[in-house]
Amino acid sequence: MSVEVRFPPHRQAPEAVMTIGGVRLLTTVILTLVGSSVAPVAVATETAAVSLTSVVPAPVLATPATGVTYQITATTTIYTEPGSPAAAEIAGQLGAILRRSTGYPMPIVDAPSGTPADGIALLLSGAPAGVGNEGYQLDASSTSIAVRANQPAGLFAGVQTLRQLLPPAVESATAQPGPWEVAGGRIVDYPRFAHRGAMLDVARHFLPVSVVKRYIDEIALYKVNRLHLHLSDDQGWRIAVNTWPNLAVYGGSTQVGGGTGGYYTHDEYQQIVAYAAARYVMIVPEIDMPGHTNAALASYAELNCDGVAPKLYTGTKVGFSSLCVSKEITYTFIDQVLGEIAALTPGPYLHLGGDEASSTTASDYATFMNRVQQIVAAHGKTVVGWHDIVNAPTLPSTVAQYWGTSTANAAVATAAQHGTKIVMSPANRSYLDMKYNSRTRLGQRWAGFIDVQDAYGWNPGAYLTGVGEASVLGVEAPLWTETIETVADVEYMAFPRLPAIAELGWSPTSTHDWTSFSQRLGAQGPRWRVMGINYYHSTQVSWPTAS
């Protein structure tokens with residue numbers, strides 16, 4: 001390794017040019033005291049063009065053009081599909097990122113007919129029909145970049161790939177020196193599964209809107225298109241309900257370990273929904289029932305079979321609470337609560353939870369779930385439930401989310417064979433709240449330790465006996481928050497495992513290879529550092545010096 005330190009007169013921080021294994025890197029030098037002297041410590045930011053084959057999730061097809069690169073300069077223009085507000089919004093998002101980090105003006109204009117001869121074009125025409133609604137084609141030559149898609153969702157996905165093809169410094173919040181090169185070639189890409197999800201539990205510990213928005217930005221970069229919000233549990237109720245106001249005001253007033261808790265107003269929830277939609281992420285709200293309901297039971301005595309409200313709960317036990325299945329007011333309550341949330345949620349799904357209902361008899365559970373599914377349908381929504389829901393009669397449209405730790409579940413397999421679609425979230429593979437190892441400060445261990453290779457090393461379409469690929473709607477990575485309190489905690493447990501689950505949901509099985517993935521994942525480290533993501537430096541991955 002060789003290092004040349006430079007002190008440019010127009011920059012406060014000195015720079016260095018490092019050569020490591022033949023790769024040229026531009027670095028910013030941070031001056032630190034070592035003994036009585038000042039020593040430069042270089043933090044590397046790779047400036048060479050990123051390979052087309054280093055993207056996460058892995059594209060379906062990447063064909064490099066040897067020796068060809070495109071360079072963004074002060075004269076680069078972004079062209080967008082004429083007459084498409086959605087394409088213009090995506091162009092605006094890309095332009096904002098590039099202006100911030102490059103310092104260039106990056107004007108956005110309507111594309112002329114045909115493919116522009118220069119600049120960056122975001123077009124809703126010319127993509128292969130086979131890439132579907134979420135796929136895209138990206139072409140980079142020495143003079144231009146064109147991202148083509150059939151629908152805006154595909155255009156957005158293509159832009160996320162383009163971001164990864166640029167040096168990590170493109171994610172900087174302040175102008176950097178560049179250069180801003182993109183390797184030449186073609187990528188043709190589309191998703192394996194329709195549902196590529198992350199779940200955030202805001203009930204055990206409340207997380208404010210700003211944290212949820214940041215997480216949306218982070219997951220969208222890896223083409224995750226669902227954010228499942230766990231809005232209620234024993235420890236807290238996290239969304240305002242006008243017809244039952246005490247749910248949020250009282251039921252949302254605490255959390256695990258005590259504290260003030262919190263909840264989202266209708267306006268705040270709609271902010272989250274809109275923010276996610278602009279990043280092609282659908283919000284899936286969950287109101288857990290009939291168990292995990294102590295916050296609701298404490299808020300309204302009449303929801304209890306004995307008419308006595310329990311105290312608020314700040315512990316972490318499960319399975320002790322249940323709505324009163326025999327009371328008619330229970331179903332009035334559910335109808336009004338779900339009706340309000342359905343009206344606030346443009347997506348097609350309402351998640352009913354349904355797991356760990358140990359205080360509800362099997363017969364009552366079946367009766368309850370059968371009736372509640374009809375309520376959801378009456379509000380024009382599709383039911384999602386944890387896989388326990390298959391122990392009750394299910395509607396043909398109901399989706400079951402598998403969270404078990406076994407590769408066999410007869411009830412889920414039978415349901416799948418009868419047409420029920422399954423979202424795969426095996427706890428010992430995809431639960432982001434599980435510890436990485438015995439030394440991990442945060443998280444739990446009941447489903448085992450999960451390092452990144454464990455999160456990556458399974459096939460959602462062939463994992464559960466009797467549940468084939470055609471029955472799998474997709475994958476989801478839940479993050480429960482019994483031990484999670486801050487955005488730094490969220491990021492530490494999600495990264496690098498969330499991108500592993502995202503790749504399983506997007507990329508074809510033919511690309512599934514740990515050695516390749518670990519190299520591509522390691523290349524994300526410098527990008528996460530620039531973005532300020534507090535990620536876990538798994539020893540299973542070789543992280544570059546710059547990360």
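Strands S12 (residues 195-201) and S13 pair in the parallel sense over five bridges. Pairing here requires at least two DSSP bridges between two strands. The model is predicted: local features need pLDDT of at least 70, side-chain atom pairs count only at pLDDT 80 or more, and totals for chains, interfaces and linings use all residues. Residues are numbered from 1 along each chain as its sequence is written, and side-chain values use heavy atoms, with hydrogens and water left out. Strands (E, at least two residues) and helices (H or I, at least four) are DSSP runs, numbered from the N terminus.

- Buried means under 20% relative accessible area, with a 1.4 Å probe and protein chains only.
- Arg226, His228 and His230 point one way from S13, while Leu227 and Leu229 point the other way.
- His230 is the bridge partner of Asp201.
- S13 also pairs with S16 (residues 282-286), in the parallel sense, over five bridges. Leu229 stands opposite Pro285 there.
- S12, helix H3 (residues 209-220) and S13 form a right-handed β-α-β unit. Right-handed means that, with the strands pointing away from the viewer, the path from the first strand over the helix to the second runs clockwise.

**Strand S8 and its partners**
- S8 (residues 119-123) is mostly covered, with five of its five residues buried.
- Gly119, Ala121 and Leu123 point one way, Ile120 and Leu122 the other.
- S6 (residues 78-80) pairs with S8 in the parallel sense over three bridges. Tyr79 stands opposite Ala121.
- S10 (residues 144-148) runs parallel to S8, joined by five bridges. Leu123 has Arg148 as its bridge partner in S10.

Conventions
Buried means under 20% relative accessible area, exposed over 50%, partly exposed in between (1.4 Å probe, protein chains only).
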